[in-house]
Amino acid sequence: MNDIDAWVWWLVGAAALGIPLVVTAMPEFGMLAVGAVAAAVVSALGFDTVIQVLTFVIVSVALIAVVRPIAARHGRQRPQLATGVEALKGRQAVVLERVDASGGRIKLAGEVWSARALDTGRAYEVGQEVDVVDIEGATAIVL
C-alpha cells in the first residue's frame, strides 16, 4: 500500500463517490468526487496531505454552496413551453352551440370541445368569442 501514490487514492475515492452519484442521482456525490479529483491534482503536484485535504474540502464545499442553489432555482421554474391541456388555457375560442353553466360547444384550437361557463349566471351565444380559463377532463371552462 505504501507503493501507491496519494493521488491514486484520491482518484479511487473520486470513483467511489461516483457510484452513489449514479445509483442515487444525488448531485452532491458528484461535487464531492470533483473535490477528490482536485485533491488528486494537488497531490500529483507534490503538495502535502494537509493541503490535499484542504483542497478536497474547499472545492467540495464551494461546489455544493454554488451549484445547489442554482439547481434548486432551475427545479422550481415552470417550463417555458406549455404543452397539452396547459397550452389551451388562456386561449380564445368561438362558441358553436350556446354555452351556459350546464354546457355547450366551442371551437378551440381547430377542434370542437364541450364547454361550460365559469359564471353560472352567464350564457354565451353562437359566434361569440370566449376565453378558456381551465380544462376539466374533456370540458373547457370559459369566461
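The legends below describe close-up views of one predicted model. Residues are numbered from 1 along each chain as its sequence is written, and side-chain values use heavy atoms, with hydrogens and water left out. In this predicted model, local features need pLDDT of at least 70 and side-chain atom pairs count only at pLDDT 80 or more, while totals for chains, interfaces and linings use all residues.

**View 1. The aromatic pair of Trp-10 and Phe-56.** A search of the whole structure finds 1 aromatic pair. Trp-10 and Phe-56 form this pair, with 5.5 Å centre to centre and 35° between the planes, and it is tilted. Rings of Phe, Tyr and Trp (its six-membered ring) pair if their centres lie within 6.5 Å; planes under 30 degrees apart count as stacked, over 60 as edge-to-face and the rest as tilted. The pair links distant parts of the chain, 46 residues apart: Trp-10 is in helix α1 (residues 6-24) and Phe-56 in helix α3 (residues 49-76). Helices (H or I, at least four residues) and strands (E, at least two) are DSSP runs, numbered from the N terminus. Trp-10 counts as buried because its relative accessibility is 18%, where buried means under 20% relative accessible area, exposed over 50% and partly exposed in between (1.4 Å probe, protein chains only).

**View 2. Helix α3 and its cover.** The 28 residues of α3 should span 40 Å at 1.5 Å a residue, and this agrees with the 40 Å between its end C-alpha atoms. The expected span is 1.5 Å times one less than the number of residues. Gln-52, Thr-55, Phe-56 and Ser-60 are the buried residues of α3, and what covers them includes α1 and α2 (27-44).

**View 3. Ala-40 in helix α2.** Ala-40 is found in helix α2 and is buried, with a relative accessible area of 5%. Leaving aside neighbours within four places in sequence, Ala-40 is in contact (heavy atoms within 4.5 Å) with Trp-7, Trp-10 and Leu-11. The C-alpha atoms of Ala-40 and Val-99 are separated by 71 Å, the two residues being 59 residues apart along the chain.

**View 4. The largest nonpolar core.** This core has 15 residues, and those with the most contacts inside it are Ile-106, Leu-108, Val-132 and Val-142. At least two of its residues come from each of β1 (92-100), β2 (103-108), β3 (111-117), β4 (129-136) and β5 (139-142). Apart from it lies another core, of 8 residues, among them Trp-10, Ala-14, Ala-36 and Ala-40. A nonpolar core is a set of buried Ala, Val, Leu, Ile, Met, Phe, Trp, Tyr and Cys residues joined through side-chain atoms within 4.5 Å. Beyond its neighbours within four places in sequence, Leu-108 is in contact with Leu-88, Arg-91, Gln-92, Ala-93, Trp-113, Val-132 and Ile-135.

View 5. β1 and β4 run antiparallel and are joined by 3 bridges; two strands pair if DSSP finds at least two bridges between them. Ala-93 has Val-130 in β4 as its bridge partner. β4 also pairs with β5 in the antiparallel sense, over 4 bridges, and Ile-135 stands opposite Ala-140 in β5. The hairpin of β4 and β5 has 2 residues between the strands, and Gly-137 there takes a positive phi near 70°.
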